[in-house]
Amino acid sequence: MGARPFEETIQTDFSHQLDYGGYLHLDELLGAQKPLSVPEHHDEMLFIIQHQTSELWMKLVVHELRAAIAFVQQDRLEPTFKILARVKHIQRMLYEQWAVLETLTPSEYVQFRGVLGHASGFQSHQFRMIEFLFGNKDPDAVRVFKHKPEIEGALRGVLSSPSLYDEFLRHLSRRGFPIPESSVERDWSQPYTEREEVVAALKLIYDFPEQHWDAYEMAEKLVDVEEQFALWRFRHMMTVERIIGHKMGTGGSSGVSFLRKAVNIRLFPELWAVRTEIGR
């Protein structure tokens with residue numbers, strides 16, 4: 001077997017300089033897995049790491065979506081294309097992670113599920129923020145964060161601000177597309193309502209993409225991330241049903257039936273409706 005020689009230029013003395021673990025704060029990160037089962041159940045570590053890594057990816061999604069919204073507000077669609085392409089790939093990572101959790105069988109999970117108490121993914125403020133940034137607004141969902149005023153305030157700020165889709169429609173309005181006033185100025189904290197006038201405006205873009213290439217590309221990038229979000233929701237629902245069946249969720253929801261209702265939610269409804277109209 002061949003050996004790779006240790007190169008003399010490789011740094012070995014980090015007593016007075018930043019190393020890899022220090023830059024990434026690995027002591028804190030790798031020390032954050034603290035199973036509560038007694039005796040410790042082998043699979044609780046999987047459950048913790050699965051959700052912690054999801055939260056790290058979601059932190060990046062929030063970071064990227066905030067930047068995308070800022071670019072659209074400046075009428076700069078092109079920089080959002082790479083951002084949304086990245087978000088799509090992050091969503092794919094989140095989707096694939098469910099396969100790891102699905103190695104947890106119902107017989108194994110039931111042995112430590114009780115230590116969660118009422119802790120639940122429903123209390124993930126980052127997931128809720130992603131939903132709000134995409135436009136799936138639900139003022140009631142903020143109520144579970146009232147014990148954490150700083151997080152509650154941040155969520156209410158996003159809740160009451162235009163979503164990425166709202167800002168895209170406002171951008172189109174500034175460009176002269178016939179977007180109704182009700183889509184340009186409204187109560188942003190309320191769920192978005194599909195409007196036929198928006199479908200008609202988007203049809204202009206899809207009928208003549210060569211004249212509106214950046215708007216056309218932006219529309220397709222939004223469809224990309226919504227499709228991935230819907231797939232994530234579906235995989236989540238199936239994973240939960242596979243592991244706990246139709247038990248009530250730890251956070252108090254009805255479980256699988258509650259998750260199923262979310263599968264058909266449309267974030268950007270007119271971008272889907274316009275597909276039926278293209279070519280007519």
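**Figure 1. Accessible surface and overall make-up of the protein chain.** The accessible surface of the protein chain comes to about 15900 Å², and 57% of that area belongs to carbon and sulfur atoms. Accessible areas come from the Shrake-Rupley method with a 1.4 Å probe, and for residues only the protein chains shown count as cover. The model is predicted: local features need pLDDT of at least 70 and side-chain atom pairs count only at pLDDT 80 or more, while totals for chains, interfaces and linings use all residues. Residues are numbered from 1 along each chain as its sequence is written, and side-chain values use heavy atoms, with hydrogens and water left out. Of the 280 residues in the protein chain, 43% are buried (buried means under 20% relative accessible area, exposed over 50%, partly exposed in between, with a 1.4 Å probe and protein chains only). The chain has 13 helices and zero strands; helices (H or I, at least four residues) and strands (E, at least two) are DSSP runs, numbered from the N terminus. Along its principal axes the C-alpha trace spans about 60 × 55 × 45 Å. Among contacts with a separation of 6 or more, 71% are between residues 24 or more positions apart (contact means heavy atoms within 4.5 Å).

**Figure 2. Packing of helix H8 against helix H11.** H8 covers residues 164–174 and H11 covers residues 213–244; their axes are 12 Å apart and the packing angle is about 165 degrees. H8 is therefore roughly antiparallel to H11. Axes are lines fitted to C-alpha atoms, for helices over the stretch in contact, and angles run from 0 to 180 degrees between N-to-C directions. Angles under 35 degrees count as roughly parallel, over 145 as roughly antiparallel, 65 to 115 as roughly perpendicular and the rest as oblique. The crossing of H8 and H11 is left-handed, a term for a near helix turned anticlockwise from the far one by less than a right angle, with right-handed used if clockwise. On the H8 side the contact involves Leu-164, Tyr-165, Phe-168 and Leu-172, which meet Ala-215, Met-218, Ala-219 and Leu-222 of H11. By class, this contact of H8 with H11 has eight nonpolar, no polar and no charged residues. Ala, Val, Leu, Ile, Met, Phe, Trp, Tyr, Cys and Pro count as nonpolar, Asp, Glu, Lys and Arg as charged, and the others, Gly among them, as polar.

**Figure 3. Crossing of helices H11 and H13.** The axes of H11 and H13 come within 10 Å and cross at roughly 115 degrees, which means that H11 is roughly perpendicular to H13. This crossing is left-handed. H11 contributes Ala-219, Glu-220, Leu-222, Val-223, Glu-226 and Glu-227 to the contact, and H13 contributes Leu-271, Trp-272 and Arg-275. Five nonpolar, no polar and four charged residues make up the contact of H11 with H13.

**Figure 4. Surroundings of Pro-269.** Pro-269 is placed in helix H13 (residues 269–277). With a relative accessible area of 10%, Pro-269 is buried. Not counting residues up to four places away in sequence, Pro-269 touches Tyr-165, Tyr-192 and Glu-194. The C-alpha atom of Pro-269 is separated by 8.7 Å from that of Arg-195, a residue 74 residues apart along the chain.

**Figure 5. Surroundings of Arg-233.** Arg-233 is found in helix H11. Arg-233 counts as buried because its relative accessibility is 9%. Leaving aside neighbours within four places in sequence, the residues in contact with Arg-233 are Phe-127, Glu-131, Asn-136, Ala-262, Val-263 and Ile-265.

Figure 6. Trp-57 is found in helix H3 and counts as partly exposed at 29% relative accessibility.

Figure 7. Most residues other than glycine have a negative phi, and most peptide bonds are trans. A cis peptide bond, with omega about -5 degrees, joins Val-38 and Pro-39. Pro-39 is found in the loop between helix H2 (26–30) and helix H3 (44–73). His-25, not a glycine, has a positive phi of about 50 degrees and lies in the loop between helix H1 (20–24) and H2. His-25 is partly exposed, with a relative accessible area of 47%. Asp-75 also has a positive phi, near 60 degrees, and lies in the loop between H3 and helix H4 (78–101). At 37% relative accessibility, Asp-75 counts as partly exposed.
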